[in-house]
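Let's read a protein model together, one feature at a time.

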Amino acid sequence: MNTESTPAAIPAATIIIFRDCPKGGAPEILITVRSRTMSFAGGMAVFPGGRVDPADFALGAQFAEQSGSAIDAEEAAHQIAAIRETLEETGLVLGLTGEIDAEKAAKARAMLEEKNELAPVLKEFDWTLDLAQITPFARWYPKNEKLSRVFDTRFYLANLGTGAVDVSIDNSENTRLFWMSAKGALDAADTGDIKLIFPTRRNLERLALFSSFEETRAQAEAIPVKTIIPQIDNSSGQPMLTIMEDAGYPITGELLETVARG
C-alpha cells in the first residue's frame, strides 16, 4: 500500500466498558451507534471514545511528572482522553476516584460539555485520576490513503461490575447506547441490526473468547500491545484485509469486498 499519500494519523482512544449481565451469563459491553452525519464511521456501532485533544496531552504530562508513574505522558494522555470521552458520550465516570455519584456525574458531564477539558472538572469535584482502572488492550492504525482522516487508536478495558448504572447518549455524535455481549453484538451485525467497521468486528471476536472481564484482562496483560496496521493480501487470488497473527485475535483476515472501513 502506498503510505506516502496517507493522511497524518490523528491520535485517538476508546474504552471497552464491561458490566455484569443482569441476567447472568457472559458480561455485556457498552456499544454506541454513531450519528450518520459523522464523517468517520457514521452509522456504525463502536465503543465510546474519540480523539486525544491538546488538553489531554497537557494533563497527561502533568500526571506523569507528578505521579512518578510507569505510564509515560503520551500513554497517560490517551487514557485521559478515553476517560473524558466516556463521560462526555455516556455519562459514566471511569478511571477517577473521589466522591462520585449519579448527581455529581451528571453535573460533571455538563461542565465537561462547557469546558471541553477534564482538568477543571477534576478540580471542581475534587476527583483524581486513577489510571489503574484502565487496562491497555490494543492499538489500531488502519492506514488508508482513500480516507480523509486516519485515526491511530488505542483501545482500553474497564469494568463497571454492577449492571445498575444509567447511561445516556450525548445527542450529537451518538444516536444510541446499548449493552450487549460481544457474541450478541456479532450476531446483531450478522443479521444487519448493527453495522461494524473492520477493527470493531475483530475486537468483538477477540472479546467473545472470554466469559468474564477478568479473563479478558488477563489476556490483555499477557500479550504486549502492538500497533495493528491492516494489510491487503492478494496471495489467495481474492483480496483479503489481514492483521498480524500474534496479537490475540482469533480471526485475522476478511474478504476485502465485505469489509466496512469507516
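Q: Which residues do ring pairs link into a cluster?

A: The rings of Phe, Tyr and Trp (its six-membered ring) pair if their centres lie within 6.5 Å; planes under 30 degrees apart count as stacked, over 60 as edge-to-face and the rest as tilted. Here, ring pairs join W140, F198 and Y249 into a cluster. Keep in mind that this is a predicted model, where local features need pLDDT of at least 70, side-chain atom pairs count only at pLDDT 80 or more, and totals for chains, interfaces and linings use all residues. Residues are numbered from 1 along each chain as its sequence is written, and side-chain values use heavy atoms, with hydrogens and water left out.

Q: How many aromatic pairs does the rule give, and what is the geometry of F47 and F155?

A: The count comes to 5 aromatic pairs. For F47 and F155, the ring centres are 6.4 Å apart and the planes stand at 85°, so this pair is edge-to-face. F47 lies in the loop between β3 (45–46) and β4 (49–51), while F155 belongs to strand β8 (residues 150–159), so the pair ties together parts that are 108 residues apart in sequence. Helices (H or I, at least four residues) and strands (E, at least two) are DSSP runs, numbered from the N terminus.

Q: Are F47 and F155 buried or exposed?

A: Buried means under 20% relative accessible area, exposed over 50%, and partly exposed in between (1.4 Å probe, protein chains only). F47 has 6% relative accessibility, so F47 counts as buried. F155 has 8%, so F155 counts as buried too.

Q: And what is the geometry of W140 and F198?

A: W140 and F198 form an edge-to-face pair, with 5.9 Å centre to centre and 75° between the planes. The pair links distant parts of the chain: W140 is in strand β7 (residues 135–140) and F198 in helix α6 (residues 198–207), 58 residues apart. W140 is buried at 1% relative accessibility, and F198 is buried at 3%.

Q: Which rings have the charge of R206 over them?

A: A charge sits over a ring if NZ of Lys or CZ of Arg is within 6 Å of the ring centre and within 35 degrees of the ring normal. R206 lies over the face of F137, at 3.9 Å from the ring centre. The charged end of R206 also sits over the ring of Y249, 4.9 Å from its centre, and Y249 belongs to the cluster with W140 and F198.

Q: How should I read a helix, say α3: what is its span?

A: Compare the span with the expected value, which is 1.5 Å times one less than the number of residues. Helix α3 (residues 102–115) has 14 residues and reaches 20 Å from its first C-alpha to its last, close to the 20 Å expected.

Q: Which residues of α3 are buried, and where do they fall around the axis?

A: The buried ones are A105, A108, R109, M111 and L112. Seen down the axis of α3, the buried residues fall within an arc of 170° (taken from the directions from the helix axis to the C-beta atoms), so they line one face of the helix. On the other side of α3, E103 and E114 are exposed. The cover over the buried residues of α3 includes α2 (73–90) and α4 (119–125).

Q: What is found at the ends of α3?

A: D101 caps the N-terminal end of α3, with a side-chain oxygen 3.2 Å from the backbone nitrogen of E103. After α3 comes N116, whose phi is positive, near 60°.

Q: What does L118 touch?

A: Contact means heavy atoms within 4.5 Å. L118 is in the loop between α3 and α4 and is buried at 2% relative accessibility. Not counting residues up to four places away in sequence, L118 touches L59, I80, I83, R84, L112 and L129.

Technical notes. A polar contact is a pair of N or O atoms within 3.5 Å; within protein, one must be able to donate a hydrogen and the other to accept it, and residues adjacent in sequence count only if both atoms are side-chain atoms.
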